[in-house]
Every structure is written in structure tokens, then in C-alpha cells.
Amino acid sequence: MRSIWAGAISFGLVVIPVKLYAATEQRDITFRQVHRKDGARIQFRRVCTLDGEEVPYSDIAKGYELPTGDMVVLTDEDLADLPLVTAHRIEVLHFAPAAQVEPIYSNKSYYTEPDAAGARAYVLFRDALEASGKVAVAKVALRQREALAALRVREGVITLETLLWPDEVRKPDFAFLDEDIEVRSQELKMAASLIDTMTEDFEPDQYREALEAVVQAKIEGNDIVRPSGLDLPDAKKQPADLTEILRASVAAAKGDRGKSDEDDGSGDKADSKAKPRRKASA
């Protein structure tokens with residue numbers, strides 16, 4: 001993994017140099033938005049509302065709109081000069097019971113790794129935090145945005161979860177909350193029994209595997225749309241395996257059909273490359 005930030009965890013007089021690593025990555029099946037009629041890809045362009053011209057990404061800046069409709073344009077240089085006191089520090093504000101930091105506040109998760117000089121202090125803080133059953137509420141600045149954060153322990157590593165500010169979480173305002181709806185005790189017992197019956201271990205891969213099965217079934221049934229003018233191998237030469245289809249697509253894009261045909265049927269090789277291909281797609 002490659003670190004995305006370097007700084008220190010600080011609480012009281014204790015300072016622990018650490019690096020941050022993204023704890024999650026998107027590895028689900030990716031889809032293209034296509035025209036239903038012919039399967040051709042849909043393109044999105046950044047167009048200026050004033051002159052109607054397409055604007056390259058390098059010419060796009062952040063703008064703050066005033067009530068008058070006027071716009072304050074901010075450059076990267078403007079943002080780089082912001083005096084963020086937590087620019088390179090995870091400042092622990094206080095500790096709180098874990099149940100009070102509700103999941104709805106969670107934004108993004110990161111792993112922390114101590115520098116060699118701070119490993120002992122890191123382990124001491126980790127063990128004390130885990131034994132307390134609490135989370136450390138902190139402030140941190142990432143990508144020029146200061147955010148609340150929570151420090152927890154997961155599999156021996158202190159994780160940092162950036163949190164939404166309280167005013168970024170909407171309050172539920174629904175009519176049924178003010179209604180006096182009666183639930184009978186027998187109904188509650190039956191619902192509890194149903195929950196017990198349907199309880200099983202959490203396996204997040206189940207949905208992705210089911211989605212892969214749907215895609216695979218369409219491939220095996222040759223339910224494939226080829227947009228007009230797209231240079232792909234003949235349908236009869238398409239491998240039936242999803243991994244092989246992806247490999248053939250990459251080979252076709254490189255103009256290397258011969259290599260694609262040579263790899264057909266190599267099941268072990270396909271399995272070893274399945275994840276990298278999906279990651280590249282993401």
C-alpha cells in the first residue's frame with residue numbers, strides 16, 4: 001500500500017508519528033452507461049454554460065456562489081495557503097463511548113502505521129484504547145478539508161474514520177414518528193423469532209458473486225450487444241468464462257488477438273488474473 005498522508009497522532013503531551021493508508025478500495029463489478037437501443041457508451045462532457053464550449057479538466061476551479069449570483073473563484077494556490085492547524089496532526093479532542101459515535105457519521109476509513117521511532121508509543125496507545133472500549137474523537141485535515149475523526153482499533157491497527165459534521169447529517173422528519181402506532185407483544189415475539197431464523201454470518205461477497213453469476217449467464221447465453229463499428233473478436237470465438245471475456249477485451253483493445261486466442265481455456269491462469277483485471281476496470 002502507498003501512504004497518502006504523513007503526520008502525527010497527538011493527545012496530551014504524547015506525539016506519535018504515523019502515516020495514513022486508505023483502508024478500503026472499490027472492487028465491485030463496474031458498469032458503463034449505455035444507449036439501451038444499440039449498447040453504445042454514453043459520454044459526459046463538462047460544458048461552460050456561458051459559451052457552450054467543452055472545458056478541459058485542467059481549466060476547472062472551485063467556485064463559491066454568492067446570494068447575488070456572483071462567483072468567487074478559488075485556485076489551488078488559494079487553498080494551499082489556508083492556515084489549517086491540523087494540517088499534519090491528528091489531534092485527539094476527547095474520548096467517548098463507542099456506541100455514541102454512530103455509523104451514520106462515518107465517511108471514509110484509513111489505516112495508521114507508526115514510524116519506527118514511535119512504534120512503542122503507538123502500541124501503548126492502541127492497547128489502552130482497545131481496553132477502554134472507547135473511541136478517540138479527533139480533528140484532522142485531509143486534502144485541505146478539516147474534519148472530525150474517530151480513532152478505533154481493528155485487527156491490531158489504529159484506524160482513523162473521518163466523520164461528518166453534525167449539521168451534515170439530516171434529521172429524520174416523517175409523519176409516522178408522531179403517530180401512536182400500537183404493536184402487540186405477540187407480533188413483536190413473532191418478528192423476533194423471524195429475525196433469529198434469518199440470522200447468519202455477514203458475508204459481503206454474496207451480492208457481488210450473485211451479480212457476477214447474472215453477467216456470466218448472459219455471456220454463456222450469448223446475450224451480448226456489439227455497438228456498431230466496434231472492433232471486437234467474433235461472437236463465436238468469445239470465451240464463455242467472464243474472466244476470459246475481460247482478458248479478450250483487453251487483448252482486442254491492444255490489437256493482440258493472437259495472444260487472446262492462445263490464453264483461451266487456461267483456467268488456472270485466468271483465476272490468477274481475475275482480480276487484477278477487475279481492479280483495472282475500477
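In which strand does Glu 161 lie? Glu 161 belongs to strand S9, residues 157–163; strands (E, at least two residues) and helices (H or I, at least four) are DSSP runs numbered from the N terminus. The model is predicted, so local features need pLDDT of at least 70 and side-chain atom pairs count only at pLDDT 80 or more, while totals for chains, interfaces and linings use all residues. Residues are numbered from 1 along each chain as its sequence is written, and side-chain values use heavy atoms, with hydrogens and water left out.

**Surroundings of Glu 161**

- Glu 161 is buried, with a relative accessible area of 13%; buried means under 20%, exposed over 50% and partly exposed in between (1.4 Å probe, protein chains only).
- The side chains of Glu 161 and Ser 106 are joined by a polar contact of 3.4 Å. Such a contact is a pair of N or O atoms within 3.5 Å; within protein, one must be able to donate a hydrogen and the other to accept it, and residues adjacent in sequence count only if both atoms are side-chain atoms.
- Beyond its neighbours within four places in sequence, Glu 161 is in contact (heavy atoms within 4.5 Å) with residues including Lys 108, Leu 148 and Arg 152.

**Nonpolar cores**

- In soluble globular proteins, nonpolar side chains tend to be buried together.
- A nonpolar core is a set of buried Ala, Val, Leu, Ile, Met, Phe, Trp, Tyr and Cys residues joined through side-chain atoms within 4.5 Å.
- The largest such core has 19 residues, of which Ile 9, Ile 90, Phe 125, Leu 151 and Leu 160 touch the most other members.
- Strand S7 (134–142) gives the most to this core, with 4 residues.
- Leaving aside neighbours within four places in sequence, Leu 151 is in contact with Ile 9, Ile 90, Phe 125 and Leu 160, among others.

**Aromatic rings**

- The whole structure holds 4 aromatic pairs, meaning rings of Phe, Tyr and Trp (its six-membered ring) with centres within 6.5 Å; planes under 30 degrees apart count as stacked, over 60 as edge-to-face and the rest as tilted.
- Phe 11 and Phe 95 pair edge-to-face, at 6.4 Å centre to centre with 90 degrees between the planes.
- Because Phe 11 lies in strand S1 and Phe 95 in strand S5, this pair ties together parts that are 84 residues apart in sequence.
- Phe 11 is partly exposed at 22% relative accessibility, as is Phe 95 at 38%.
- Together with Phe 125, Phe 11 and Phe 95 form one aromatic cluster.
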